[in-house]
Amino acid sequence: MQILLIYNPLAGNGSFNNHLDSIIEAVQDKGYYLVPYRISTTEALEKMVSSADINSFNRIWIAGGDGTIHQVINVLFCYDCQIPVGIYPVGTANDFARYFHFPERVNEMTEILLQDHFTVCDIGVANGRYFLNVASLGFLIDVSQKTPKRIKQSFGALAYYLKGVEEFANMKPVKVSIRSREANRDDEVYFILIMNGKSAGGFKRIAPLASIAMVCLMCIFLNHVQFSN
């Protein structure tokens, strides 16, 4: 069995790198072969995936937070990847992994990933981009990107809240056009979440009725949604 491990060395507190040797050891003890790939830029990731025979791998593991997962899934889907994907939740909030109650300890997650247990997950589409846990539009959507890495490493998810408060001075509405089977609507909004999971940004149970098996748009629109601004 061949496993491709795509990892973000800067995710969370940056400690995942310290576990690489133990992961390789666990994989080799099973008689499997691990190919690690260190994420640098989306362009480099796309070049790697396009040049590799991605479907020759038996498993793809992603180590990072929700942003890393989003980045990798979008690249894999562009190249029609049909491989089962596993997650190491080593980011700041890890909302997607929290939905499945994945353990935070890397060695425990490795044991799970080396087993043959799978589940099916929804993938939403917004503006032609795929998302697993949440898609957002409007005010505060880029808080995680604007939050300095050193602050996230020191304060975890709290860093997002602090940065969000700072951004309130820039609050302004954006025009949106929503098209779905349930409604056609043009409006101005400050913020919209399209929830696939229950939590986002470390806030638990934002959409308690949401399920990975059913995409919902913040208690208003259900089912598959095409969203544009």
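**Exercise 1.** Which residues of helix α1 (residues 20–29) are buried?

*Solution.* The structure is a predicted model, in which local features need pLDDT of at least 70, side-chain atom pairs count only at pLDDT 80 or more, and totals for chains, interfaces and linings use all residues. Residues are numbered from 1 along each chain as its sequence is written, and side-chain values use heavy atoms, with hydrogens and water left out.

Helices (H or I, at least four residues) and strands (E, at least two) are DSSP runs, numbered from the N terminus. Buried means under 20% relative accessible area, exposed over 50%, and partly exposed in between (1.4 Å probe, protein chains only). By this criterion Leu20, Ile23 and Val27 are buried in α1. Seen down the helix axis, the buried residues of α1 fall within an arc of 65°, so they line one face of the helix; the arc is that of the directions from the helix axis to the C-beta atoms. On the other side of α1, Asp21, Gln28 and Asp29 are exposed.

**Exercise 2.** Find the elements against which the buried residues of α1 pack, and describe what comes just after the helix.

*Solution.* Contact means heavy atoms within 4.5 Å. The buried residues of α1 pack against the strands β1 (2–7), β2 (33–38), β3 (59–64) and β4 (85–89), and also against the helix α5 (106–113). Just after α1 comes Gly31, which takes a positive phi of about 85°.

**Exercise 3.** Describe the largest nonpolar core and the place of Leu45 in it.

*Solution.* A nonpolar core is a set of buried Ala, Val, Leu, Ile, Met, Phe, Trp, Tyr and Cys residues joined through side-chain atoms within 4.5 Å. The largest core has 21 residues, of which Leu4, Ile6, Leu45, Ile54 and Ile60 touch the most other members. At least two residues of this core come from each of β1, α2 (42–51), β3 and α3, and the largest share, 5 residues, is that of α3. When its neighbours within four places in sequence are left aside, Leu45 is in contact with Ile6, Tyr37, Gln71, Val72 and Val75. Apart from this core lies another, of 17 residues, among them Ile3, Phe16, Val27 and Ala63.

**Exercise 4.** How many helices and strands are there in the protein chain, and what share of its residues counts as buried?

*Solution.* The protein chain has 8 helices and 13 strands. Of its 229 residues, 42% count as buried. Among its contacts between residues at least 6 apart in sequence, 69% join residues at least 24 apart.
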